[in-house]
Amino acid sequence: MNVWGRLARTAADVVFGVVFTAALGFEAVRIATSWGAGYWQFDLAVGAVVCGIALLGRREPARPAVAALAVAAVAVAVAGFTGWPGEPGPAMALALSVLVAAAVRTLPPLPVTGVAVGGLAVAAGSLLTAHGSPLHSGVVLANGLGWLLAVATGLALRLRRIRRLAVIDQVRRDERLELARELHDVVAHHITGVVVQAQAARIARRRHPEQLDEALADIETASSEALIAMRRVVGLLRQADDAAPAGTEHLADLVGRFARHGPAVSLQLPVDQSEWPYEITSTVHRVVREALTNVVRHAPNAGRATVQVSQEPGHVAVEVADDAPAPAMRHRGGYGLIGLRERVEALGGTLTAGPGPERGWSVVARLPVPAGRR
């Protein structure tokens with residue numbers, strides 16, 4: 001998890017902690033005011049336990065939800081036998097709602113059903129501890145509404161997650177179709193070379209027999225490279241996703257098109273690209289295209305973007321960066337980087353995306369270039 005994710009989780013913990021503390025304090029004051037000084041301690045104790053469970057266990061809510069519901073059930077039973085203030089109180093009801101919503105959002109169907117039914121049972125148990133008419137009891141109303149909102153919120157978030165996964169699957173299927181076209185181009189490229197060299201070998205056999213061994217060696221090399229390239233692209237097709245092929249010779253046109261719709265873009269390319277196999281050049285193009293698309297979509301305040309492609313020992317490095325301010329909340333919910341990262345990793349490389357060292361956003365890919373590949 002990156003630094004922004006950790007900060008977001010910490011901020012959420014602080015917010016929940018403040019809300020739970022305020023709810024417990026408000027509840028204790030109300031009970032002390034209406035019931036007297038001797039009745040708020042039990043409510044505060046069990047409420048604090050359930051709030052603590054919700055605060056610490058809401059991200060993995062299976063066991064915490066069961067534990068919190070058990071504590072709430074005990075509190076309902078004690079309040080029913082002793083005639084103390086109704087349970088679960090508002091703070092406990094809020095904590096239970098958080099846990100129920102988290103469980104409905106993330107757990108499998110069977111545990112979700114158990115947690116939802118348990119939460120409903122605890123909410124219904126507040127009817128037994130209500131003082132006066134249950135229909136006019138604030139405790140009963142708070143527990144009923146809390147359970148209903150928790151289930152509805154959890155279901156909404158669960159459906160949103162399902163839809164997101166469905167979109168990701170569709171993105172992967174679409175890009176596999178594009179990879180199939182790339183596979184055709186890769187095989188056609190290499191096989192054409194093999195055919196040309198075989199024709200040259202026939203001519204060499206008639207006119208220059210001494211060059212036949214060299215021609216046959218060239219055919220063997222070209223055939224081996226065709227098999228290697230095909231295996232690599234088929235591996236991508238099985239494991240990952242990507243877009244249509246394009247070489248680095250098209251990067252200038254790509255950068256020019258994006259510069260017309262967004263910030264100024266500068267491009268730096270290495271002089272010698274002869275050692276790069278076809279799948280590397282197409283991936284370089286794909287990285288630049290996806291990164292610039294994100295700049296145009298998510299960084300409208302960027303004044304400049306840089307595309308730097310460099311040849312380093314054993315690999316090719318691609319970096320696309322912009323200078324837009326406040327990048328912390330950018331690039332959330334997109335799907336392009338998902339297939340791109342899997343493609344780069346399938347080729348044995350790495351891809352990182354995140355805030356730049358000073359400002360803006362940066363996408364960096366490193367792709368290994370096997371020795372001797374041309």
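Strands β4 and β5 form a hairpin with five residues between them, and Gly 360 in the turn has a positive phi of about 75 degrees. The model is predicted: local features need pLDDT of at least 70, side-chain atom pairs count only at pLDDT 80 or more, and totals for chains, interfaces and linings use all residues. Residues are numbered from 1 along each chain as its sequence is written, and side-chain values use heavy atoms, with hydrogens and water left out.

Strand β4 (residues 350–355) runs antiparallel to β5 and is joined to β5 by six bridges. Strands are DSSP E runs of at least two residues and helices are H or I runs of at least four, numbered from the N terminus; two strands pair if DSSP finds at least two bridges between them. Strand β5 (residues 361–368) also pairs with β3 (residues 315–322), in the antiparallel sense and over seven bridges. Ser 362 in β5 is the bridge partner of Gly 354 and of Ala 321.

Helix α6 spans residues 138–207 and contains Arg 207; Leu 149 also lies in α6. Arg 207 is exposed, with a relative accessible area of 63%, and Leu 149 is exposed at 56%. Exposed means over 50% relative accessible area, buried under 20%, and partly exposed in between (1.4 Å probe, protein chains only).

A nonpolar surface patch is formed by Leu 141, Leu 145, Leu 148 and Leu 149, with about 410 Å² of accessible area together. Accessible areas come from the Shrake-Rupley method with a 1.4 Å probe, and for residues only the protein chains shown count as cover. Patches are made of residues with over 30% relative accessible area and no salt bridge, with nonpolar side chains (Val, Leu, Ile, Met, Phe, Trp, Tyr) joined within 5 Å and like charges within 9 Å. A salt bridge is a side-chain nitrogen of Lys or Arg within 4 Å of a carboxyl oxygen of Asp or Glu.
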